[in-house]
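Here are my notes for a first look at this model. Please read them with the structure open.

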Amino acid sequence: MASTKEYLDFVLDQLSNLDEITYRPMMGEYILYYRGKIVGGIYDDRLLIKPVKAAVSYLPNARRELPYPGAKEMLLVEELDDKSFLTKLIDAMYDQLPAPKPKKNS
């Protein structure tokens, strides 16, 4: 099941206090970026984030779910109504996220 644009718009609105939140559609789902780094994505209308230490400390009881078969587990963010909490969560993750891979020249 692909994610809906409405769910993406809702999540982006909840993260609107952060500068430089962007997304890229990929195979019916959406990859989320914060200041150029992949923070997670929207898969089957679920917000899943990378399980870096900051995210685990903010969401100690979060379920780990697969975004798609064969992928690494990610943390399911169920509390989407607290805009302030989401802003702090994503901001706290930034320094622990891997740097973007350099683009290959073709």
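**Notes on the fold, cores and pocket**

1. This is a predicted model. Start with helix α3, residues 83-93. The helix lies across β1, β2, β3, β4 and β6. Its direction makes an angle of about 30° with β4.

2. Helix α1 covers residues 5-14. This helix lies across β1, β2 (29-34), β3 (37-43) and β4. Against β2, α1 runs at about 15°.

3. Now the sheet. There are 6 strands in an open sheet, and the pairing is antiparallel. Read across, the order is β1-β2-β3-β4-β6-β5. The edges are β1 (21-26) and β5 (64-65). Each has a single partner strand, so one side of each is left without a neighbour in the sheet.

4. Look at one strand pair in detail. Strand β4 (residues 46-49) and strand β6 (residues 74-77) run antiparallel and are joined by 3 bridges. Within this pair, L47 of β4 faces V77 in β6.

5. Next, the packing. The largest nonpolar core holds 28 residues. Those with the most contacts inside this core are L47, I49, L89, I90 and M93. Two or more residues come from each of α1, β2, β3, β4, β6 and α3. Helix α3 gives the largest share, 5 residues.

6. I90 deserves a separate look. Leaving aside residues up to four places away in sequence, I90 touches L15, L18, I21, Y34, V39 and I49. Of these contacts, I49 is also among the core residues with the most contacts.

7. Is T87 buried or exposed? T87 sits in helix α3. Its relative accessibility is 16%, and the cut-off for buried is under 20%, so T87 counts as buried. Beyond residues up to four places away in sequence, T87 touches Q14, N17 and L18. L18 is also touched by I90.

8. Finally, the largest pocket. Its volume is about 910 Å³. The lining has 25 residues, and I31, Y33, I38, Y43 and K50 are the closest to the pocket centre. The largest share, 4 residues, comes from β3.

Definitions and conventions
Residues are numbered from 1 along each chain as its sequence is written. This is a predicted model: local features need pLDDT of at least 70, side-chain atom pairs count only at pLDDT 80 or more; totals for chains, interfaces and linings use all residues. Side-chain values use heavy atoms; hydrogens and water are left out. Two strands pair if DSSP finds at least two bridges between them. Contact means heavy atoms within 4.5 Å. Axes are lines fitted to C-alpha atoms, for helices over the stretch in contact, and angles run from 0 to 180 degrees between N-to-C directions. A nonpolar core is a set of buried Ala, Val, Leu, Ile, Met, Phe, Trp, Tyr and Cys residues joined through side-chain atoms within 4.5 Å. Buried means under 20% relative accessible area, exposed over 50%, partly exposed in between (1.4 Å probe, protein chains only). On a 1 Å grid over the protein atoms alone, a cavity is a set of points where a 1.4 Å probe fits but cannot get out, and a pocket is an open set with protein on both sides within 12 Å along at least five of seven lines; lining residues have an atom within 4 Å of a point. Grid points are joined across faces, edges and corners, and a volume is the space filled by probe spheres set on the points.
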